[in-house]
Amino acid sequence: MVIYRARVFDTPDNPFAGGRLRSAADVALVVDDGLITSRTDFDSARAAHPDAEVVDLRDGVLIPGLIDTHVHLPQVRAIGHLGRPLLDWLDQCALPEEAKLGDPAYAKAVAGEFLTGLISAGTTSAMVFGSHFAGAMDIFFAAASESGLRITSGLVTSDRNLPDALLTDVGRSTEESQALIDRWHGKGRLRYAVTPRFSFSAGPELLAAGGRLLEDNPGVWVTSHLNENVDEVAGVAQIHPEARDYLDTYDRAGLVGRRTVLAHNVHPQDRELDRMAEAGSVVAHCPTSNSALASGFFPLRRHIEAGVRVALGTDVGAGTGFNLLKEGVQSYFMQQLDPAGGVALTSAHLLHLATAAGAEALELDEVGVLSVGKRFDAVLIRPAEGQPLDVGIRHAADDEDALAKIFAMGTPGDIAGVWIEGTPL
């Protein structure tokens with residue numbers, strides 16, 4: 001048993017529904033075998049558990065473990081290619097890199113680099129867009145299992161509009177996906193996601209094969225892309241003339257449900273928003289990627305008003321890194337600048353999007369806030385003494401102001417500790 005004594009920020013009540021930041025300067029979290037069994041003052045915790053180990057973290061700020069709902073495994077080495085729209089960026093930057101994961105040694109090196117990126121950024125849970133190669137997915141799942149992270153991922157499938165090395169067919173994709181599900185879904189903290197790359201590179205038959213995998217494997221997830229770029233949207237309409245809109249290409253295949261996470265949705269139709277709300281599907285909002293690729297302004301207000309759930313994703317490598325704090329502040333910037341009228345986000349909104357909203361989106365009910373009954377997935381923000389973020393936190397007007405400074409200035413270099421179920425990583 002351990003008593004973590006810390007300044008704690010979290011959002012148990014959704015700020016988009018009137019909730020506020022929960023914060024306190026000196027909280028005692030009693031953790032037994034990874035489970036938070038008490039949240040109280042230190043004297044009470046010590047009196048109740050006189051023999052417990054005490055870990056004093058009051059020189060930093062403790063927040064829940066960060067949750068990334070859209071990040072690409074094969075693109076860690078593709079971060080930072082700027083100046084291209086989506087389809088050019090894929091052709092020139094991302095896809096050549098992804099083709100290299102057919103080499104097991106290369107895939108193993110990338111898996112290690114990717115997991116290091118997540119952990120160093122304070123990410124404890126993630127929906128990971130996988131590789132087109134089944135062998136690379138086995139390598140990644142094995143490494144993810146060893147890391148202890150909560151990972152949902154799957155084999156990426158496409159049958160057109162990509163380099164030949166990245167293409168598959170219905171039979172092969174079904175066989176390889178089912179074998180990966182059998183080996184990895186539900187093993188420890190791993191789960192499987194059916195992952196058609198996007199409807200620009202997956203025809204109706206391949207999408208339908210994904211739907212059949214979903215039917216045959218209850219509990220498996222779905223992830224893909226939606227309405228990211230106007231040229232992509234137009235191309236999808238040509239490939240799927242029978243579909244009412246982009247979302248319908250997935251819906252007709254049985255891929256739209258509560259365990260469906262679709263990245264971007266920068267250019268949605270009203271019908272698509274209504275259908276996503278009805279199905280309970282989630283949008284992974286990836287603001288640095290949307291900015292880097294000039295994809296457009298994410299219409300957060302329309303999603304909220306329609307009742308569509310939203311969480312944050314980094315979208316590495318179109319996104320500019322693994323840092324969800326940066327994604328939070330970029331979301332704030334984009335909402336401020338949105339000519340259609342953005343949402344006025346507070347620092348509590350940003351923390352919620354990066355933690356509790358992600359936990360709800362991925363049905364990780366055991367994490368997302370630091371409350372009794374939750375698992376101790378946590379991140380300690382502790383900048384070096386005298387650095388601008390340290391100065392900002394010490395001179396903040398209040399806790400919401402301190403949290404705003406963490407989002408505005410925080411980097412992986414300011415993260416001093418990461419725990420999953422009480423185990424330091």
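In the second largest pocket of this predicted model, helix α14 gives the largest share of the lining, 3 residues. A pocket here is an open set of points on a 1 Å grid over the protein atoms alone, with protein on both sides within 12 Å along at least five of seven lines, where a 1.4 Å probe fits, and lining residues have an atom within 4 Å of a point. Helices (H or I, at least four residues) and strands (E, at least two) are DSSP runs, numbered from the N terminus. Residues are numbered from 1 along each chain as its sequence is written, local features need pLDDT of at least 70 and side-chain atom pairs pLDDT 80 or more, while totals for chains, interfaces and linings use all residues. Side-chain values use heavy atoms, with hydrogens and water left out.

The second largest pocket holds about 190 Å³ of space, a volume being the space filled by probe spheres set on the grid points, which are joined across faces, edges and corners. Among its 13 lining residues, Pro-12, His-352, Ala-356, Glu-360 and Val-369 lie nearest the centre. The largest pocket contains about 260 Å³, and of the 15 residues that line this largest pocket, Asn-14, Phe-16, Val-308, Arg-309 and Val-310 are the closest to its centre. At least two lining residues of the largest pocket come from each of α11, β13, α13 and α14.

We turn now to the strands. An open sheet of mixed pairing is formed by 7 strands in the order β3-β2-β1-β4-β14-β15-β16, where two strands pair if DSSP finds at least two bridges between them. Because β3 and β16 stand at the edges with a single partner strand each, one side of each is left without a neighbour in the sheet. At β16, the antiparallel pairing with β15 (residues 415-420) runs over 2 bridges, and Trp-419 has Pro-424 in β16 as its bridge partner.

Finally, consider Asp-251, which is placed in helix α8 (residues 246-251). Asp-251 has a relative accessible area of 18% and is therefore buried (under 20%; exposed is over 50% and partly exposed in between, with a 1.4 Å probe and protein chains only). Leaving aside residues up to four places away in sequence, Asp-251 touches Val-256 and Arg-275, where contact means heavy atoms within 4.5 Å.
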